[in-house]
Structures are given as structure tokens and as C-alpha cells.
Amino acid sequence: MTAWWLWVTAGVLLAGLEVLVPGFIFLGFAAGAVLTGLLLLVGIEIGGAPLLLLFALLSLASWAGLRRAFHLGGGRPQPKIWTTDINDG
């Protein structure tokens with residue numbers, strides 16, 4: 001299949017969109033698209049609905065892995081509360 005470059009290009013565009021719209025929204029989709037494109041490049045021959053399912057699963061796995069790697073989500077440390085001032089003396 002020669003559509004691998006479309007998936008990689010879509011992934012790069014989604015990663016660029018993540019820079020413009022911060023919030024960790026498009027990064028998982030970008031990684032899923034690039035991984036889908038790379039799998040098509042190495043010769044996986046699927047089409048249609050199974051390809052979209054593969055993209056969805058890879059995007060979800062990438063999103064979860066990136067959230068874990070960047071420690072986003074539950075268990076965030078609480079902000080430090082200062083009770084003294086440097087000017088108090």
C-alpha cells in the first residue's frame with residue numbers, strides 16, 4: 001500500500017497543531033498516525049475499517065503512554081503554600 005506517507009504526513013501535521021493548540025490533545029493522535037504509517041511502510045496489508053481501528057488503538061496506547069511518561073493526570077503533587085515571606089524579618 002502506498003498510503004503510508006499520508007499517515008506520516010497527517011501525524012506531522014497533528015504534531016504541529018499540538019504546538020499551536022497546547023493542552024495535550026493532538027499528540028496521541030499524531031503518534032498513532034505516524035505509527036500507522038510506519039506499519040504500512042513495513043508491509044502490513046490491511047484496509048478500510050481495520051486500518052482505522054488500528055489507528056484508533058495506536059492513538060489510545062500512545063496517548064496513555066505519553067500521559068504516563070509526562071506524569072499527567074491523577075496523583076499530581078499539590079502546590080506549595082508559602083506561610084512566610086522573604087521580607088518578613
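This is a short tour of a predicted model, stop by stop.

**Before you start.** Residues are numbered from 1 along each chain as its sequence is written. In this predicted model, local features need pLDDT of at least 70 and side-chain atom pairs count only at pLDDT 80 or more, while totals for chains, interfaces and linings use all residues; side-chain values use heavy atoms, without hydrogens and water.

**Whole chain.** Show the cartoon. The protein has three helices and zero strands. Helices (H or I, at least four residues) and strands (E, at least two) are DSSP runs, numbered from the N terminus. From that end, the elements run α-α-α. Buried residues make up 20% of the 89 residues. Buried means under 20% relative accessible area, exposed over 50%, and partly exposed in between (1.4 Å probe, protein chains only).

**Helix 1 and helix 2.** Select residues 4-20, then 27-41. The axes of these two helices come within 7 Å and cross at roughly 165 degrees. Axes are lines fitted to C-alpha atoms, for helices over the stretch in contact, with angles from 0 to 180 degrees between N-to-C directions. Helix 1 and helix 2 are therefore roughly antiparallel (an angle over 145 degrees). Now display side chains. On helix 1, the contact residues include Trp4, Trp7, Val8 and Leu14. On helix 2, they include Phe29, Ala33, Val34 and Leu40. Contact means heavy atoms within 4.5 Å.

**The core.** Select Trp7, Ala33, Leu40, Leu51 and Phe55. These five residues form the largest nonpolar core. Such a core is a set of buried Ala, Val, Leu, Ile, Met, Phe, Trp, Tyr and Cys residues joined through side-chain atoms within 4.5 Å. Helix 2 and helix 3 (49-69) each supply at least two of its residues. Centre on Trp7. Leaving aside neighbours within four places in sequence, Trp7 is in contact with Ala33, Val34, Thr36, Gly37, Leu40, Leu51, Leu52 and Phe55.

**Ser59.** Move along helix 3 to Ser59. Ser59 is buried, with a relative accessible area of 5%. Beyond neighbours within four places in sequence, Ser59 is in contact with Gly28, Phe29 and Gly32.

**Trp63.** Stay on helix 3 and select Trp63. Trp63 is partly exposed, at 35% relative accessible area. Leaving aside neighbours within four places in sequence, Trp63 is in contact with Phe24 and Gly28. Trp63 and Leu27 are 36 residues apart in sequence and 7.1 Å apart in space, C-alpha to C-alpha.

**Last view.** Zoom out. Among contacts with a separation of 6 or more, 57% come from residues 24 or more positions apart.

Technical notes:
Angles under 35 degrees count as roughly parallel, over 145 as roughly antiparallel, 65 to 115 as roughly perpendicular and the rest as oblique.
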